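Please read them alongside the sequence and the coordinates.

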Amino acid sequence: RREMIRAFSRYAAPRAVLTSTVILPHSMRVVRSSAARMCLHAGTFQTRAMSTTAAAKDERGKVVYDAPFSRIVVYMKYFSLTTCTAGVAAAPALAIASDPSIPLTVRVALPATIGAFGLFTTGFFHWCVKPYVHRLWYDAKSKEFTAEMRSFFVRPRHVTFRLEDMKDITGFAPFASFEVQDGAQLFLHSEGFHDRSVLRALAKRAPGILKDD
């Protein structure tokens, strides 16, 4: 047994060390090359994603307008929706948790009034800021404007129009500057334009843009 151990230590151990010395750097090269390929693919994917996003933005054209009170309007809409949801959700709990000595009609009418008031104020605020344009793009090739507004649930919605589509407001809309052919009403601030030539072109069709400020 001792002779076998000595023989193994003389011949097998150096070969194992030599093999590990040769294989280990090779495996490290494989790992490094694989990691480099993964980083390369990730970078390529990220670059493609960024280029796709940029292409999607370029389809609308150049940003020519940013609303000065866009964040305030968005935050107010979120606050209004939150308070409305809380009021409507709490109405049944208020009716159940009320004093049993109070008449049933009063216990039902009070929470219902609170919920209805929340719905009314939220709906009225949405009606006021519905024409508010948060951002405006202009595509010089198609001569089209793309206006970004917000829906009842604060999701972006877009309206596309041209200069010839603009007209005076036909109905009652105290918070709108002009109207387009499909009936959508829009509101713009004159100080939100990055290009004053665009403002002048729009103001020729809708003088209310200058009057509303």
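1. A nonpolar surface patch of about 600 Å² is formed by Phe-120, Phe-124, Trp-127, Phe-172 and Phe-175. Patches are made of residues with over 30% relative accessible area and no salt bridge, with like charges joined within 9 Å and nonpolar side chains (Val, Leu, Ile, Met, Phe, Trp, Tyr) within 5 Å; a salt bridge is a side-chain nitrogen of Lys or Arg within 4 Å of a carboxyl oxygen of Asp or Glu. Accessible areas come from the Shrake-Rupley method with a 1.4 Å probe, and for residues only the protein chains shown count as cover.

2. The model is predicted, and local features need pLDDT of at least 70, side-chain atom pairs count only at pLDDT 80 or more, and totals for chains, interfaces and linings use all residues. Residues are numbered from 1 along each chain as its sequence is written, and side-chain values use heavy atoms, with hydrogens and water left out.

3. The protein has 5 helices and 6 strands, where helices (H or I, at least four residues) and strands (E, at least two) are DSSP runs numbered from the N terminus. From the N terminus on, the order of these elements is α-β-α-α-β-β-β-β-β-α-α. Of the contacts in the protein with a separation of 6 or more, 53% are between residues 24 or more positions apart, a contact being heavy atoms within 4.5 Å.

4. The protein exposes about 14,900 Å², of which carbon and sulfur atoms supply 64%. Buried residues make up 28% of its 213 residues; buried means under 20% relative accessible area, exposed over 50%, and partly exposed in between (1.4 Å probe, protein chains only).

5. Cys-84 is itself buried, with a relative accessible area of 8%, and Cys-128 counts as buried at 14%. A search of the whole structure finds 0 disulfides, a disulfide being a pair of cysteine sulfur atoms within 2.5 Å.

6. Which residues have the most contacts inside the largest nonpolar core? This core has 26 residues, and those with the most contacts inside it are Leu-136, Phe-161, Phe-178, Leu-186, Leu-188, Phe-193 and Leu-202. Two or more residues are given to this core by each of strand S1 (62-66), strand S3 (144-150), strand S4 (156-161) and helix H4 (196-205). A nonpolar core is a set of buried Ala, Val, Leu, Ile, Met, Phe, Trp, Tyr and Cys residues joined through side-chain atoms within 4.5 Å.

7. Leaving aside neighbours within four places in sequence, Leu-188 is in contact with Tyr-65, Val-133, Leu-136, Ser-177, Phe-178, Phe-193, Leu-202 and Ile-209. The C-alpha atoms of Ser-177 and Lys-167, which are 10 residues apart along the chain, are separated by 9.7 Å.

8. Two loop residues deserve a look at the backbone. Most residues other than glycine have a negative phi. Lys-143, in the loop between strand S2 (135-139) and S3, has a positive phi of about 60° although it is not a glycine. Val-154, in the loop between S3 and S4, likewise has a positive phi, of about 65°, and is buried, with a relative accessible area of 4%.
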